Amino acid sequence: MDGMGNILWWLLILPVLVALISPVLPSARSALALVMVGVPLIALLALWAVITVFQAGPLLTVGGWLHLDALSAFHLAVLMVVFVMSSVFAGVYFRHEPPAHALDRHSARRFAALWYGAMAAMTLVLLSNNLGVMWVGVEATTLLTAFLICLHVSPVSLEATWKYLIVCSVGVAFAFMGVLLVAASIGAVSATDTHLLHWTHLQAIAGNLDKNLMKVAFIFLLVGFGTKAGLAPMHSWLPDAHSQAPAPVSALFSGFMLNMALYAIMRFLPLVASATGGSGWASNLLIGFGLVSILVAAVFIVVQRDLKRFLAYCSVEHIGIIALGLGLGPLGAVAALFHTLNHSVCKALAFFSAGRLGQIYGTHDMRKIRASLQVNRAWGTGMLAGILILIGVAPFAIFMSEWFLIRAAVESQRYGVLGLFLAGAVIVFAGSLRHAVGMAWGPRPASVKSVPSPVLEWLMVVLPLLFLLVLGLWMPPGFRHILESASVILTGGGTP
Amino acid sequence: MHGITDNIMAILMLINLALTLSSRLATCISLVAFQGVMLALLPLFSHEGLNPRTLFLAGLVVVVKGLIFPGLLSRAVRDANVRREVEPFFGYGTSILVGIALLTISFWVGIRLPLPVSETTSALVVPGAIGAILTGLFLLVSRRKAVTQVLGYLVMENGMTAFGLAVVPEIPLLIELGILLDVFVGVLVMAIMIWHISREFDHMDVDQLSTLKG
């Protein structure tokens with residue numbers, strides 16, 4: 001598939017080009033239009049690449065710098081889904097900003113440039129075959145998204161941005177130590193060739209990597225990329241950044257940036273597993289971090305008052321669930337990937353609803369948001385349904401992926417792990433249900449007027465809900481094939 | 001055998017110690033820049049020696065770490081109009097003790113790590129690198145000013161560069177350039193953030209950035 005390899009270059013070049021022309025656009029409206037129209041077009045190109053991978057096998061460019069296999073193609077699809085959703089929503093959201101926060105020409109252009117820049121950096125993380133370049137991509141996303149958090153400059157948004165910048169830069173620097181140690185574990189024999197750190201090359205020689213060095217490396221990688229992924233206890237930046245960023249940016253953070261960091265960890269997982277001779281050492285670490293994240297998030301969810309912080313802790317919980325799935329063998333890996341897609345779609349919807357309800361009520365305090373079903377039917381429905389799906393109400397897709405996870409735990413006879421996971425899930429269920437019911441019904445605040453919902457906003461609520469409902473009731477055979485071929489790479493049976 | 005490399009690493013460790021007890025921001029900025037330049041020169045004296053690739057990289061690093069970074073940071077300090085200086089949470093006596101402890105730890109760890117360090121690399125490189133990483137972390141958590149946090153990050157990054165030199169002698173050029181670009185943009189973004197913070201808050205004390213909790 002040499003000819004198709006070029007499409008991968010275009011997936012990187014196009015967003016960079018658009019980012020470069022964004023600063024010279026004539027008006028705020030044109031900048032937002034560019035975001036709403038351009039992203040779906042790039043997504044179509046990506047869709048073509050993804051379909052090619054699942055029909056004809058992995059794509060590799062000349063020189064082997066870019067590579068798209070089942071695992072990265074699956075994540076690329078999730079990335080594009082989240083980006084398209086958030087881009088369209090950004091157009092709606094910024095039109096409804098209160099006058100004090102309205103985007104002027106300058107900040108709209110900055111938003112467009114950084115938005116496309118972030119898209120290019122995240123695509124680079126998924127496409128790069130070289131683990132060093134992948135690290136460069138992860139660090140680049142931190143820097144490009146920092147100013148998206150403080151799009152509206154205020155003391156608290158600056159505080160959130162500073163924490164994000166410092167905590168994630170230092171965290172990702174630790175991951176760089178991990179990458180160096182992986183390179184060191186190759187040994188002196190083949191360390192001089194130009195394919196050093198190419199994933200396809202490392203995978204072929206994974207059995208010969210130095211076992212102890214790979215273990216040290218994986219700890220650095222897990223802590224480093226785990227910081228960016230929001231795994232507890234390295235999640236301190238996450239609730240601040242998610243609550244202060246504008247809603248489309250929060251949706252992008254939760255919907256894909258966290259998953260991108262987990263993807264970076266996933267790339268190293270089969271290498272460590274082969275190097276340690278399949279002893280399950282790395283899996284146990286992932287299970288540990290996953291459980292801690294679920295339980296820590298559960299506690300904070302119960303006591304939370306701010307809607308967007310509540311959703312942020314919810315992301316910590318779900319990232320924990322995905323990490324837990326990754327540690328639970330082949331079935332767990334399928335569950336984790338399925339959960340990745342479900343969580344991204346649902347969390348994007350939840351942040352959209354939180355953003356619009358926040359604009360309508362003028363606050364994110366959940367005690368003041370009441371009767372949202374009456375005040376705005378579309379986003380009130382989106383908020384209620386979104387939270388219910390997130391906490392795993394049947395028959396939606398998140399219930400199904402959590403069900404797979406439970407089966408994976410039972411099959412591998414990890415009853416202790418299962419018990420802790422269920423305990424966390426029950427706490428989250430009870431805590432979140434209280435918030436969801438409180439916001440949906442109750443006495444309507446006198447100061448808040450009803451806001452009608454146009455068709456476009458209804459579509460943005462109904463389409464994700466339908467998608468999650470259908471996936472919860474019926475898994476298309478083609479989709480099952482996609483999940484399985486992606487998870488095979490994680491469990492080490494894949495061919496480069 | 002490793003005369004020059006040994007000297008460079010010894011200077012690097014001394015700079016780490018000096019950073020833990022220096023009280024003037026301007027001095028700290030110069031020390032970190034000097035450390036970056038020293039590290040940029042290190043590959044020229046290693047086994048690879050002088051060739052277009054190492055010369056090009058070294059030149060680039062000297063410009064970025066030796067000229068651009070100190071310029072950016074000094075400007076941020078000037079614009080923010082910082083009168084008070086470094087302001088550690090601990091006294092300078094404690095700081096220097098911590099600095100010495102970190103140096104000891106880095107030797108202890110550096111010698112025990114089972115790294116495939118080649119014969120041609122000086123034995124001081126790994127301990128020096130770990131020492132710089134630990135010192136950077138200490139500066140990050142123990143200082144009050146936003147600028148000193150950036151300096152801590154840079155010292156940490158210097159340590160990782162040295163570590164990379166010791167364990168992976170030939171990182172592909174593309175990756176080196178990517179890393180340098182990331183660090184460059186990183187410091188640029190942080191400098192802009194400091195400017196915003198000082199304008200919005202009339203200070204740049206990170207311990208007062210504590211509204212967001214829970």
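Biologist: How much of chain A is buried?

Modeller: Of its 496 residues, 64% count as buried, meaning under 20% relative accessible area with a 1.4 Å probe and protein chains only as cover. Keep in mind that this is a predicted model, where local features need pLDDT of at least 70, side-chain atom pairs count only at pLDDT 80 or more, and totals for chains, interfaces and linings use all residues. Residues are numbered from 1 along each chain as its sequence is written, chains are lettered from A and ligands numbered from 1 in written order, and side-chain values use heavy atoms, without hydrogens and water.

Biologist: Why does a radius of gyration of 22 Å agree with a compact globule?

Modeller: Because a compact globule of 496 residues would have a value near 23 Å, and chain A has 22 Å. The radius is taken over C-alpha atoms, and the rule is 2.2 Å times the number of residues to the power 0.38.

Biologist: Nice! And what does the C-alpha trace span?

Modeller: About 75 × 55 × 45 Å along the principal axes of chain A.

Biologist: New topic: which domains are assigned in chain A?

Modeller: Domain 1 (1-129), domain 2 (139-279) and domain 3 (290-496), with bounds from an automatic or database domain assignment.

Biologist: How many residues do domains 2 and 3 put into their contact?

Modeller: Domain 2 of chain A gives 27 residues and domain 3 of chain A gives 30, where contact means heavy atoms within 4.5 Å. The centres of these two domains, over C-alpha atoms, are 23 Å apart.

Methods: Buried means under 20% relative accessible area, exposed over 50%, partly exposed in between (1.4 Å probe, protein chains only).
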